[in-house]
Amino acid sequence: GHDLDQLLDTFSKIRNIKGPILVHAVTRKGKGYPFAENNAEKYHGVGEFYKTTGNSKARKKVKKYSSVFGDTLIEIASGDDKVVAITAAMREGTGLKEFSERFPDRFFDVGICEQHAVTFAAGLAREGYKPFVAIYSTFLQRSFDQLIHDVALQKLPVRFVIDRAGIVGKDGPTHHGNFDISYMRMIPGMVLMAPADEEEMRRMLYNLYGMNDNPSAMRFPRGAVRGVEMTDIKDGLDFGKGLVIKRGRDASIIAAGSALEIAERAERVLAGKGIDVTIANARFIKPLDLDMIEECSAGGIPIYTVEENVISGGFGDGVSEAVSRLDRSNYIHRIGINDLFVSHGSREELLKEIKLMPEDIAHIIEKKSTDRANAREGNIS
């Protein structure tokens with residue numbers, strides 16, 4: 001972004017000058033590459049592309065979760081002029097470009113100032129507007145104080161759309177969204193949802209829209225949708241209700257959001273080994289569906305939770321607390337991201353590195369099942 005020789009020469013000349021010195025270096029994004037100079041937003045974070053044309057090397061365009069968000073918010077805003085959208089220098093990344101063009105008076109890009117975005121949304125909510133705040137998970141961390149004091153403490157209905165939750169891939173350790181379940185779940189009065197696919201996401205946006213008495217949030221992953229059939233239902237999911245997808249006799253896997261696909265693949269691996277497991281989609285992380293937890297814990301079978309979030313304070317901890325409230329004594333094993341910062345790489349490479357692939361989950365459950373069986377046989381003998 002800058003001419004280093006010129007900067008170093010400038011620093012050398014001014015370092016012996018007494019008193020405060022301000023060096024104002026004007027940055028032109030994409031300097032020297034015309035395509036990037038003329039479209040800084042597009043080239044902010046770009047995959048492989050052809051240098052001579054600037055075109056992407058991607059073979060085909062896929063629908064992304066951020067696009068589903070943008071399309072659905074336009075649908076909601078078309079029927080309610082109190083709906084506004086706020087982002088922090090990520091208009092295109094969060095899927096709000098078309099919204100900003102359709103409703104320029106109801107779109108606010110506050111720049112790289114997430115703290116202001118949250119407090120600004122609180123003020124709008126106080127005046128009767130219905131703000132949707134779209135911020136990447138990792139950047140929302142900057143606004144933790146504002147989340148608590150300016151929104152939750154005031155019980156203001158600000159709706160947080162948490163993009164890039166979980167493993168985001170090649171942007172590296174600073175951009176993974178691995179902490180939001182933990183820091184959002186602990187805030188009093190906060191509702192937190194996690195869709196497993198694009199249809200659930202669309203429906204959950206209607207859930208958010210209907211939240212008029214307290215703050216709420218929805219987290220979703222970066223990238224392509226799962227490709228499920230979409231409906232035209234303009235209504236939220238049953239509030240606070242999860243979904244038991246399959247019932248099994250040997251163990252239960254309860255997954256949050258994007259982890260459901262991983263859990264379902266793990267179930268197929270286990271089925272091939274003769275291990276029959278229940279699969280449940282939590283949908284709501286807070287409040288948790290106690291009826292679903294009760295069903296998954298029936299018979300005292302072990303419970304495995306799966307999430308793309310750090311284990312500490314995460315979804316699995318919430319399930320453990322719920323099982324305790326139900327006065328159950330099931331064995332609970334939490335599967336997620338251990339006490340580490342995830343490195344740089346493709347999503348698949350990183351899931352392998354942190355042992356969050358379907359095969360890893362299946363291996364854990366198979367080993368625990370074998371250990372339990374051996375223990376029972378030992379007790380009998």
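Let me start with how a patch is put together: patches are made of residues with over 30% relative accessible area and no salt bridge, where like charges are joined within 9 Å and nonpolar side chains (Val, Leu, Ile, Met, Phe, Trp, Tyr) within 5 Å. A salt bridge here is a side-chain nitrogen of Lys or Arg within 4 Å of a carboxyl oxygen of Asp or Glu, and accessible areas come from the Shrake-Rupley method with a 1.4 Å probe, where for residues only the protein chains shown count as cover.

Before the tour, some bookkeeping. What you see is a predicted model, where local features need pLDDT of at least 70 and side-chain atom pairs count only at pLDDT 80 or more, while totals for chains, interfaces and linings use all residues. Residues are numbered from 1 along each chain as its sequence is written, and side-chain values use heavy atoms, with hydrogens and water left out.

Now the patch itself. On the surface, Leu4, Leu8, Phe11, Ile17, Ile21 and Val23 make up a nonpolar patch with about 550 Å² of accessible area together. One of these residues, isoleucine 17, belongs to the loop between helix H1 (4-14) and helix H2 (34-38); helices (H or I, at least four residues) and strands (E, at least two) are DSSP runs, numbered from the N terminus. Isoleucine 17 has 45% relative accessibility, so it counts as partly exposed, given that buried means under 20%, exposed over 50%, and partly exposed in between (1.4 Å probe, protein chains only).

On to the rings. Rings of Phe, Tyr and Trp (its six-membered ring) pair if their centres lie within 6.5 Å, with planes under 30 degrees apart called stacked, over 60 edge-to-face and the rest tilted. That rule gives 10 aromatic pairs. One of them is tilted: tyrosine 33 with phenylalanine 49, at 5.9 Å centre to centre and 45 degrees between the planes. Tyrosine 33 lies in the loop between H1 and H2, and phenylalanine 49 in the loop between H2 and helix H3 (65-77), so this pair ties together parts that are 16 residues apart in sequence. Tyr33, Phe35 and Phe49 form one aromatic cluster.

How do the rings of phenylalanine 144 and tyrosine 183 meet, and why does the pair get its label? Their centres are 6.3 Å apart and their planes at 80 degrees, so this pair is edge-to-face. Phenylalanine 144 is in helix H7 (residues 144-152) and tyrosine 183 in helix H8 (residues 180-185), so the pair links parts of the chain 39 residues apart. Tyrosine 183 is buried at 9% relative accessibility, whereas phenylalanine 144 is partly exposed at 28%.

Charges meet rings too, where NZ of Lys or CZ of Arg is within 6 Å of the ring centre and within 35 degrees of the ring normal. Lysine 82 has its charged end over the ring of tyrosine 129, 4.5 Å from the centre, and arginine 106 does this over phenylalanine 103, at 4.4 Å.

Last stop, the backbone. Most residues other than glycine have a negative phi, and most peptide bonds are trans. Here, the bond from lysine 286 to proline 287 is cis, with omega near 0 degrees, and proline 287 sits in the loop between E10 and H11. Arginine 283 has a positive phi near 65 degrees and is buried at 16% relative accessibility. Lysine 355 has phi near 60 degrees, also positive, but this residue is exposed, at 56%.
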